[in-house]
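Hi everyone, thanks for coming. Today I'd like to walk you through one structure, a piece at a time. Have a look at it first, and then we'll start.

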Amino acid sequence: MISFSKQNGRLSVFYNQLKILEHSDSCPLITLKQGKETVDMYRGNYFIEDETITTLPLGSYLLSESYSEGRGVSTLTFSAGQTSFSLELSERDGRLHLRCSPLPAPYNRLILRLFATEQECVWGCGEQFSHFNLRGKNYPLWTQEQGVGRNKQTEITRTADRLDRAGGDYHTTFYPQPTFVSSRRYFVHADTYGYADFDFSNPGCHQLEFWDVPAGIVISVKPTLLEVVQDISRLLGRQQYLPSWVYDGIILGMQGGTQTCLEKLEKMQNASVKVAALWLQDWEGEKYTSFGKRLRWNWQWDRQLYPGLDREIVRLREEGVRVLGYINPYVLVDHPLYEEALRLDLLGKREDGSVYLVDFGEFDAAIVDFTKPEAVAWYKEVIKRELIGFGLSGWMADFGEYLPTDVVLAGGKDAMLEHNRWPGYWAEVNKAAIEESGKSDEILFFMRAGCVQSLASCPMMWAGDQNVDWSEDDGLPSVLTATLSLAMSGMGLNHSDIGGYTTLYGMKRSKELLIRWAEQAAFSPLMRTHEGNRPKDNWQFDSDQETIEAIARMTDVHVQLKPYLMHLVAENADQGIPVIRPIFLHYELESFMSVKDSYLLGRDLLVAPVLEAGANSVVVTLPDDEWVHLFTKVEYRGGRHCIEAPLLRPAVFYRKQSSFASLFSSIQ
């Protein structure tokens, strides 16, 4: 129910008795702005500035009531002088819907302020790597490279900025989403793909700036935070069930050709490692740059590097081991798929009609124009022919965040507005190709770039290119923050590269980091390793026998959890409850609102990974319940505990009253 209150010159708007909006002369609900942006893109890193030409706070308002399609509509018209802007409020499907009028000339920015309290916590905005509780900072929502280091105070970030403009910041992300959840038990979602900036730094309001007027803004108020999160995916879409084979072991990332990979598999199987799949990201060929090993972006089997792979895929599948590959939405210049797309006129262009080539780091590739139906149809056929037809059981659907803002797209669509939408197009292409092949129950793809469309179209996210270190903003700890932020945005399935990916500026993956990362991954919906961009510099899953045994141990635990993980994935698909959850979704206490170093895996497992080098214990706060340590079987009550956590015995607890208690108690 929508209600209004006028008191002391302030207009307050309530929905289901919760104050949502507040307007006064000193803090107007609506401000219009005229700005002029400059956008500079360098290898997926974007540098966006906005020159403010003028701003206009709309201090006066008029409230009117009407009926439309059998529903009551309240219209707030804000004005200043001869300029006005209207906001329609109506209730539909148990949610508050705001509809904005067009911006009056010459204004091209909309600033909307929502009521806030000083104690309020805020989560979401897609995948955020540095901060879980977003209060106190602003978050530009723009898909791009996450950056190396992602903290301007660290030497790694400063070095990346100085040498390659690639350092990133606390807000840079592959997966922005204009959705947030408040601890006051509501969510806000803006229906827009335009550039936006959500500012949560003001104690009394949340300031949302849009460069494109949203088609609508939806606000949902529920009795609990869990119900709020469920309602996000009820509105926006939900991921589906995963193929059964995904839970049967680890997916080993390896490269280097048929014989090399088969030898690595044999080595791991001889050590009793349960292997669900081999992920061969270089199945289409190699390309080397100063960054390290890259891939040849022509999505066809490299027969020279992988002789006989077509036969091995069949043999391995009969033995219970799948083979996965790699693809992205670009095609490498002067290679067969590029030539075919060029001939069919399916590529993004420049103003002069030439093909728009993007620098991806010492090589150029072209953009398949997904705003053109013929290009979508062609790329689906590429996937069906070259990947599915070849026998792959899945792939990394990489990239999606590089769309330049000056590319000319089919139908004259504005690339500035299509940029944030592009990962969704890419997800839809992959999903449709699989569905049209009748393989939805067999094939898995995973992505790093995302948008709101990802909830309905991408079956599994991955957290992108973490540093091979322990840093809070870009190492192992950031994986937890990213996953919890996605959970609060409605996205319930995420995983990461075990051991991280980015090896630069002296960083090298250690044995300890790899094993600790594997411990955390065992308590996630998917276990997958990655060699990294410089494999020879990194400790790998088969670097010594002790590491192989550690991988075998944590994979065994993961496989034993299969019935529980399948239950959680079903909950996510059917009820919109994320697999990895913030503790406060089930124990809604203020003390858990900013916790990002531990999490719930479903309702019944609490996981507190070791996130510091050299640490052999963790301090964990358990909610008020009866808990049993998964490995020692020691029982604990709620409260703060220092738990010993030597290698291969992470601090994981199960709820004693869980219906899965017998399964958990069998794990040693």
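Let's begin with helix H4, where Leu-309, Glu-312, Ile-313 and Leu-316 are buried. Looking down the axis of H4, you'd find these buried residues within an arc of 105 degrees, so they line one face of the helix. If that pattern is new to you, here is the background: an α-helix has 3.6 residues a turn, so residues three or four places apart point the same way. Before I go further, please keep in mind that this is a predicted model.

What about the other side of H4? There, Arg-311 and Glu-318 are exposed. And what do the buried residues of H4 pack against? Their partners are H3, E19 and strand E22, which is 322-327. Just after H4 comes Gly-320, with a positive phi of about 90 degrees.

H3 was one of those partners, so let's turn to that helix next. How far apart should its ends be? H3 has 13 residues, 258-270, and at 1.5 Å a residue they should span 18 Å; the end C-alpha atoms are 18 Å apart, so the two agree.

Which residues of H3 are buried? They are Thr-258, Cys-261, Leu-262, Lys-264, Leu-265 and Met-268. Seen down the axis of H3, they fall within an arc of 160 degrees, so here too the buried residues line one face of the helix.

Something has to cover the buried residues of H3, and the cover includes strands E18 (250-253) and E19 (275-279), along with helices H4 (309-318) and H12 (545-560). After H3 you come to Ser-272, whose phi is positive, near 65 degrees.

Now for the nonpolar cores. The largest one has 175 residues, and the members that touch the most others are Trp-297, Val-331, Tyr-379, Trp-395, Phe-523 and Leu-601. Let's follow one of them: leaving out residues up to four places away in sequence, Leu-601 touches Phe-523, Ser-524, Tyr-564, Leu-565, Leu-568, Val-579, Ile-580 and Val-607. Apart from this core lies another, of 42 residues, with Leu-21, Leu-110, Leu-114 and Val-122 among them.

Glu-22 sits in strand E3, residues 18-23. Is Glu-22 buried or exposed? Its relative accessible area is 18%, and the cut-off for buried is under 20%, so Glu-22 is buried. Its side chain makes a polar contact of 3.3 Å with the side chain of Arg-10, and there is another polar contact, of 2.9 Å, with the side chain of Lys-19. Beyond four places in sequence, Glu-22 touches Arg-10, Leu-11, Ser-12, Cys-27, Leu-29 and Phe-115.

Where is Asp-625? You'll find this residue in the loop between strands E33 (617-622) and E34 (627-629). At 14% relative accessibility, Asp-625 counts as buried too. The side chains of Asp-625 and Tyr-587 are joined by a polar contact of 2.6 Å. Setting aside neighbours within four places, Asp-625 is in contact with Tyr-587, Arg-603, Tyr-636, Arg-637, Gly-638 and Arg-655. And how far is Asp-625 from Lys-656? They are 31 residues apart in sequence, and 8.3 Å apart in space, C-alpha to C-alpha.

How values were computed:
Residues numbered from 1 in each chain as written. Predicted model: local features only at pLDDT ≥ 70, side-chain atom pairs only at ≥ 80, totals over all residues. Heavy atoms only, no water. Core = buried A, V, L, I, M, F, W, Y, C linked by side-chain atoms within 4.5 Å. Buried < 20%, exposed > 50% of the residue type's maximum accessible area, 1.4 Å probe, protein only. Contact = heavy atoms within 4.5 Å. Helix = DSSP H or I, 4+ residues; strand = E, 2+ residues; numbered from the N terminus. Expected span 1.5 Å × (residues − 1). Arc of directions from axis to C-beta. Polar contact = N/O pair within 3.5 Å; in protein donor to acceptor, adjacent residues only side chain to side chain.
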